Amino acid sequence: MAIDTAQPNDPKVARSPAELDASRLKVTLTQSPKVMPSPEKLKFGQIMADHMLVATYDPVNGWSDPEIKPYGPLSLDPASSCFHYSTNVFEGMKAYVGPDGKPRLFRPEMNMARMRRSADRVALPRFDTKALLTMIKRLIAIDARWIPNQAGHSLYIRPTIIGTRPSLGVTASDHAVLYVICSPTGPYFRTGAKQLSLLAVGDTVRAWPGGTGGYKLALNYAPTLKPAQLAEQQGYNQVLWLLGDTVTEAGAMNFFVVLKREDGHLDVITPPLNGTILPGITRDSCLALAAAHPARTTLPGLPTSVRLFVDERTITMGDLAAWHAEGRLLEAFTVGTAVVVTSVGRIGHQGKDIVLSEHVGGRGPVARALYERLVDIQEGKVDWEGWSVDCE
């Protein structure tokens, strides 16, 4: 009987591709640290921190040793599938400075889970989300000086995975680059206390049933840019996306309304997650906080005598017009990682505007309460459900 004498390093022994492994992380610090700009000069996504995290995948070796190294260009084959078939996934996260001076993340496990789902949707290689989060924390700790310690400011974090299979064949990419870059940022909208204006658009759609609207994919964003330009030309800040008459999202944000009930309490409503809407972390957080008032917590500025009834249900333009005519539509607001919570003052549709009441400070009472509580949790000033996570 033949005896197999192959050793572990023998090429005849089949090896599984390596997993993404945080214990193999290499760190190369920059020798030329950049000058941190003053907070008032920061514009979203235009200035990058000193370092980035990079790892590559190929089908034979699996994930490479990940590395934190000075921020710089990537070298990619021109035939890489990310350029031709949009095999690109990204996340949006923020780091804040806590009262103890330490950097903190907000519900990062939700970002990692969504990134894994999105990567699977476009058949990109799998990765260990716990390992990635461990390395993101290390990157933030290294570049902690880039977190602006000022109200309304943070370090925006962009974890990204792109398909790099060097072939024009229309097939799943079995090569990938995973990288994370960071950018110090101030308020996303430079409108001050002014509320957003939205133009409801139904002739072009952001997402459709069975499509990819429920995933954070680059391919979802490019088709929205031209309608956004047209809305701006008509005097609106963003697009309110419709599917038929049904409201889905606003720009790249989730959409909420606040309705007055006959009993004096308030309904806080957002469209349901039906595959056309991104399951936002801020969206989920707003729903949870609103549902907790006033039984489990009191949101800033809201009386304990007023209950918030949370509902995820279909909203149509007909509903918005009817609620406004009845005097029940008290607030509309958008939520997302970049903007946190921003109120809406005007919604245009078919040549007419739904104009909502102006609010002191630019946010309605519910929007302001959610914004203030979220920021306090994000910055570690308020402890809630373990949502604020120390990076060290």
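The model is predicted, so local features need pLDDT of at least 70 and side-chain atom pairs count only at pLDDT 80 or more, whereas totals for chains, interfaces and linings use all residues. Residues are numbered from 1 along each chain as its sequence is written, and side-chain values use heavy atoms, with hydrogens and water left out.

**The side of domain 1 that touches domain 2**

- Strand E5 (88–90), strand E6 (93–97), strand E7 (103–106) and helix H2 (108–121) each give two or more residues to this side; helices (H or I, at least four residues) and strands (E, at least two) are DSSP runs, numbered from the N terminus.
- H2 supplies the largest share, 6 residues.
- By class, this side of domain 1 has 11 nonpolar, 7 polar and 7 charged residues. Here Ala, Val, Leu, Ile, Met, Phe, Trp, Tyr, Cys and Pro count as nonpolar, Asp, Glu, Lys and Arg as charged, and the others, Gly among them, as polar.

**Domains and their interface**

- Domain 1 covers 22–27 + 36–185 and domain 2 covers 196–382, with bounds from an automatic or database domain assignment.
- The C-alpha centres of the two domains are 28 Å apart.
- In domain 1, 25 residues are in contact with 25 residues of domain 2, contact meaning heavy atoms within 4.5 Å.
- About 2,100 Å² is buried between the domains, 62% of it on carbon and sulfur atoms; buried area is the accessible area (1.4 Å probe) that two parts lose on being put together, summed over both.

**Salt bridges**

- Between domain 1 and domain 2 the count is 1 salt bridge, defined as a side-chain nitrogen of Lys or Arg within 4 Å of a carboxyl oxygen of Asp or Glu.
- Arg 107 and Asp 284 form a salt bridge, their closest N and O atoms being 2.9 Å apart.
- The whole structure contains 16 salt bridges.
- Another salt bridge joins Asp 65 to Lys 26, with the closest N and O atoms 3.6 Å apart. Asp 65 lies in the loop between strand E3 (62–63) and strand E4 (67–70) and Lys 26 in strand E1 (residues 26–27), so this pair ties together parts 39 residues apart in sequence.

**Overall fold**

- The protein has 7 helices and 19 strands.
- Its radius of gyration is 23 Å, close to the 21 Å that the globule rule gives for 392 residues, so the protein is as compact as a globular protein of that length. The radius is taken over C-alpha atoms, and the rule is 2.2 Å times the number of residues to the power 0.38.

**Backbone geometry**

- Most residues other than glycine have a negative phi, and most peptide bonds are trans.
- The bond from His 293 to Pro 294 is cis, with omega near -5°; Pro 294 lies in the loop between helix H5 (281–292) and strand E15 (308–312).
- Ser 86 has a positive phi, near 55°, and is found in the loop between helix H1 (81–85) and E5.
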